[in-house]
There are 2 protein chains.
Amino acid sequence: MSDSKPDLPDRAQRMLRSLIDRYARDGQPVGSRTLARELGLELSPATIRNVMSDLEALGFISSPHTSAGRVPTVQGYRFFVDTLLNVQPLDSRSIEKIRLELSLEQTPKHLVESASALLSGITHMAGVVTLPSHEHALFKRVEFIPLSESRVLAILVTGEDEVQNRMLTTEKQHSASELQQASNYLNEIFAGKDLAEVRATLLREMQETRSNMNNMMMTAIQMADQVLESKQSEDFVMAGQTNLMEFQELCDIDKLRKLFDAFNQKRDILHLLDQCVHSEGIQIFIGEESGYQMLDECSMVTAPYSVDGQIMGVLGVIGPTRMAYNRVIPIVDATARLLGAALNHKE
Amino acid sequence: MSDSKPDLPDRAQRMLRSLIDRYARDGQPVGSRTLARELGLELSPATIRNVMSDLEALGFISSPHTSAGRVPTVQGYRFFVDTLLNVQPLDSRSIEKIRLELSLEQTPKHLVESASALLSGITHMAGVVTLPSHEHALFKRVEFIPLSESRVLAILVTGEDEVQNRMLTTEKQHSASELQQASNYLNEIFAGKDLAEVRATLLREMQETRSNMNNMMMTAIQMADQVLESKQSEDFVMAGQTNLMEFQELCDIDKLRKLFDAFNQKRDILHLLDQCVHSEGIQIFIGEESGYQMLDECSMVTAPYSVDGQIMGVLGVIGPTRMAYNRVIPIVDATARLLGAALNHKE
DNA sequence: TTTGGCACTCCTGACGAAAGAGTGCCAGCA
DNA sequence: TGCTGGCACTCTTTCGTCAGGAGTGCCAAA
């Protein structure tokens with residue numbers, strides 16, 4: 001049964017699990033007596049103390065001061081999460097609730113907002129979802145609208161009628177009909193193709209000798225290149241930040257401020273989320289592991305979400321390190337799947 | 001000199017002003033001795049006490065408990081702001097700094113963000129700016145792009161090349177050329193007109209007998225109506241929320257949470273800002289005056305900003321009730337003007 | 001009208017004692 | 001050898017008390 005990691009006796013494992021469990025519930029250091037009761041086994045506090053001493057020696061728990069109970073360390077959580085966490089799949093009622101909620105939303109943007117609200121609502125922590133990447137959206141059509149001598153408005157319609165506007169500045173002036181021809185040309189050859197592929201093709205064409213290209217094609221390709229080059233700056237949506245104020249470990253106004261500043265700045269959080277994009281499944285940062293000081297007492301559980309096997313973005317939950325990982329992980333996991341599915345339906 | 005409000009002796013006024021001033025600085029109740037020193041006049045604390053007693057009777061100040069100093073009440077602030085506040089215009093260096101900062105931004109959206117960052121940065125409180133209303137933007141052109149049987153993408157370009165997308169659903173299917181004709185027609189007759197005016201005209205046309213209208217015109221008008229009807233939901237941009245955590249009176253985690261929830265929800269704040277749109281100048285809500293509980297210990301100073309005499313939106317500052325109004329008001333005022341001017345230049 | 005004086009109230013911070021929680025260690029027991 | 005009860009010890013938390021400080025209100029005198 002227990003494919004126990006090297007040399008941690010079964011009993012110690014169970015105790016670590018119990019301690020983490022209890023600490024998750026009330027955030028107080030757990031003492032030997034409490035743990036004895038918690039554990040249910042017929043063991044005296046003294047025995048528990050011996051094992052706790054071992055766990056402390058291994059660096060899995062520590063006590064804030066001599067006469068306090070023990071608290072899991074980051075290493076303790078890491079071990080717990082990596083080797084002795086067993087996650088049940090989310091119960092079907094919850095899944096149905098999420099699916100229903102998501103099914104009400106129409107646009108990807110709304111879906112993403114709804115997903116982050118769900119994450120925060122269900123976990124009582126902060127939910128975060130990156131906007132779906134457009135990198136692998138399908139090219140549907142493009143239109144060019146001349147606005148002034150040197151400015152052209154490009155409208156790119158992708159996949160499920162997602163629209164993006166780009167303002168282009170051109171050296172020479174293009175007539176409306178020229179632009180019309182260009183867009184017709186592009187729409188014809190690229191419709192239904194993957195945006196990344198379209199871009200690759202464009203680059204290739206621009207490299208090749210231009211002699212055998214007529215004026216119209218030149219225009220078309222140059223403009224399309226401009227449209228595609230400005231990679232949509234990544235962004236994310238957040239909900240339930242204020243839930244984090246409920247946890248005593250974050251009630252310190254100074255920590256709180258650092259945290260909220262990070263949320264507003266977005267840059268650091270985005271960077272962290274980026275790291276999770278290609279993690280192929282649940283990713284967990286515990287406390288200081290993230291490398292960002294403002295997340296010191298926090299953990300982040302993320303999962304990428306994808307459509308048709310293509311990863312579109314990441315979603316997750318940010319909460320105190322003592323969060324109930326076994327509860328949060330299935331929620332994040334399910335939400336990622338369901339968001340992917342919901343995006344797929346609209347597509 | 002002093003156009004003193006009925007029956008408040010000059011000296012009492014000066015004392016109230018001093019007290020408010022001092023309280024703004026360190027947030028502690030002000031006692032008679034402190035005030036005596038603060039005031040500079042050669043008056044003994046006992047005298048001060050007598051006058052303070054009068055001010056308390058008038059409801060302008062109150063003491064948290066017997067042996068504490070006095071604190072201005074909401075009525076006290078109201079009186080102060082209404083009748084004995086003299087605001088100097090903002091010094092020209094600060095003005096230049098704001099102007100410069102705003103001049104770097106290109107789009108209205110960026111301008112608004114920059115303005116709110118400036119407000120929060122200069123005042124060390126929270127800055128808030130509503131997005132400019134499009135109600136009176138100028139119609140530049142509209143394009144219709146058919147996407148599927150019943151879905152048409154409408155692109156509305158206004159004023160200084162601001163672009164809005166709308167997805168329309170139509171009963172009957174329109175061909176590309178039909179749509180082209182419709183947009184040509186609309187662009188021809190409405191170019192350069194005020195959006196509100198355009199909408200009014202459209203409504204009128206729809207009322208009139210439709211017999212003398214050809215198919216194309218019908219299409220055009222119906223579609224245009226759809227484009228314009230969905231009034232852009234108002235929104236605002238905020239910056240420096242976390243500055244508010246610095247003030248002890250807001251360090252209570254519970255108050256803080258209510259406040260930040262309100263910021264995230266946006267609805268209530270938006271409603272408040274709405275009330276300020278047509279106030280023709282600086283508007284100040286002090287503490288509970290706003291009617292919203294979460295702003296109990298807070299005040300809000302706002303000013304509408306306008307372009308060519310048309311009010312485009314509101315901006316302001318949210319901070320603790322004890323903020324230095326005489327410093328904040330000129331900042332809000334100047335920023336409103338400068339934002340208006342900056343928007344004008346881009347237009 | 002202003003002022004100094006005085007008694008009074010209330011908060012605040014310090015100190016110490018007691019209580020409580022938890023630990024480590026040790027000796028005894030199965 | 002592993003578990004247990006017991007015990008001394010440590011450290012935090014809580015509570016009450018107490019003194020000090022800040023501020024008030026009132027009164028009588030200038």
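These legends describe close-up views of aromatic rings in a predicted model.

View 1. A:F260 and B:F260 form an aromatic pair. Their centres are 5.5 Å apart, and the angle between the planes is 85°. This pair is edge-to-face, because planes over 60 degrees apart count that way. The pair crosses between chains. A:F260 belongs to helix 10 (residues 253-265) of chain A, and B:F260 to helix 10 (residues 253-265) of chain B. The whole structure holds nine aromatic pairs over all chains.

**View 2. The F260 rings are buried.** A:F260 has a relative accessible area of 4%. For B:F260 the value is 5%. Both count as buried because the limit is under 20%.

View 3. B:F139 lies in strand 4 (residues 139-146). B:F190 lies in helix 7 (residues 176-190).

**View 4. A lysine sits over a ring in chain A.** A:K266 lies over the face of A:F236. The distance to the ring centre is 4.9 Å.

**View 5. A lysine sits over a ring in chain B.** Here the ring belongs to B:F236. The charged end of B:K266 sits over this ring, 4.9 Å from its centre.

Conventions: Residues are numbered from 1 along each chain as its sequence is written. Chains are lettered from A and ligands numbered from 1 in the order in which they are written. This is a predicted model: local features need pLDDT of at least 70, side-chain atom pairs count only at pLDDT 80 or more; totals for chains, interfaces and linings use all residues. Side-chain values use heavy atoms; hydrogens and water are left out. Rings of Phe, Tyr and Trp (its six-membered ring) pair if their centres lie within 6.5 Å; planes under 30 degrees apart count as stacked, over 60 as edge-to-face and the rest as tilted. Helices (H or I, at least four residues) and strands (E, at least two) are DSSP runs, numbered from the N terminus. Buried means under 20% relative accessible area, exposed over 50%, partly exposed in between (1.4 Å probe, protein chains only). A charge sits over a ring if NZ of Lys or CZ of Arg is within 6 Å of the ring centre and within 35 degrees of the ring normal.
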